[in-house]
Amino acid sequence: MTLDHYCVMGNPISHSRSPWIHTRFAELTGQAMVYDKREIALDQFARSVHAFMAEGGRGCNITVPFKFEAAALASHTSERAQLAQACNVLSFQNGQMLADNTDGMGLVMDIERNAGWPLKGLRLLLIGAGGAAAGVLGPLINAQPAHISVANRTVGKASALVARHLPLAMLQETELLALDLQGLEADFDVIINATASSLGGVGVPVDASVLKPGALAYDMMYGPAAQGFMDWARAHGAVPRDGLGMLVEQAAEAFLIWRGVRPPSDQVLAELRQRLRACS
Ligand code: ATR
């Protein structure tokens, strides 16, 4: 019997935890499949996806820097991937390539279910307006918070992101604003860092005065990349959380799309945390 084949494509890819996560999901749900990782040359993305389809691949996860290209490549794009203009899940069905985006759903699941913070009626600050922020804004609005401020160093990018999401925000009765990083007030229940600032080694891109005691301060990264933000949040009385749960939950949502089964993501998140702790 040939096993259904999935993979994650990106560049770089050596750090990816997705093969471990999906292999564990498959074991726990009894799904007969294999999942590996492929490092793709920067100018070979479309070719590599078509080659994987031709080999009989059933679907793939897409990570940096190919999420935008993947959304444009597919023959059908889900509403949430259209809004994000980015795709982290491709499914191959009857010769068709379907693009979806489960990043935002993964973030919301991690905040609401794993961390126990229902977002409805809360005031949110989303820091950043690049690909990572674009991937999560729609699902955040669908969680019906009262307010979301999108703050970015380049305010024009925040304005464009907000403009694209205004119809959805009106539908969900969420107030949506674009701001720059200066002069933010401490009136947020949840702060989400979706910038690449920690990777650049410059630390946290906003003043600590935005943190009110007891607020949830979430970094979409995990491991050493999130540590500076987490330490900063804790030192100022906020509740820090890294993006490891988002990683597992976006994978769980992709697994559900591909296999029609929801894996026990909470168990896999606990196991992954333990593994990473043991390695550090
Ligand atoms: P990603 O796909 O990870 O979101 P990106 O699209 O390059 O990557 O976006 C990076 C985000 O991090 C942007 O919001 C960027 O701000 P600008 O739009 O002003 O470039 C933000 N960012 C990166 N380095 C930063 C820094 N040192 N301070 C503040 N924001 C930073």
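This report covers a ligand site and the aromatic pairs in a predicted model.

## Ground rules

Residues are numbered from 1 along each chain as its sequence is written. Local features need pLDDT of at least 70 and side-chain atom pairs count only at pLDDT 80 or more, while totals for chains, interfaces and linings use all residues; side-chain values use heavy atoms, leaving out hydrogens and water.

## Around the ligand

How many residues surround the ligand? There are 14, and the closest are Ala132, Asn152, Arg153, Thr154 and Lys157. The shell holds five nonpolar, seven polar and two charged residues. Here Ala, Val, Leu, Ile, Met, Phe, Trp, Tyr, Cys and Pro count as nonpolar, Asp, Glu, Lys and Arg as charged, and the others, Gly among them, as polar.

The protein covers 71% of the 640 Å² of accessible area that the ligand has on its own (Shrake-Rupley method, 1.4 Å probe).

## Aromatic pairs

The whole structure has six aromatic pairs. Rings of Phe, Tyr and Trp (its six-membered ring) pair if their centres lie within 6.5 Å; planes under 30 degrees apart are stacked, over 60 edge-to-face, the rest tilted. Tyrosine 35 and tryptophan 258 form a tilted pair, with centres 6.3 Å apart and planes at 50 degrees.

Methods:
Near = heavy atom within 4 Å.
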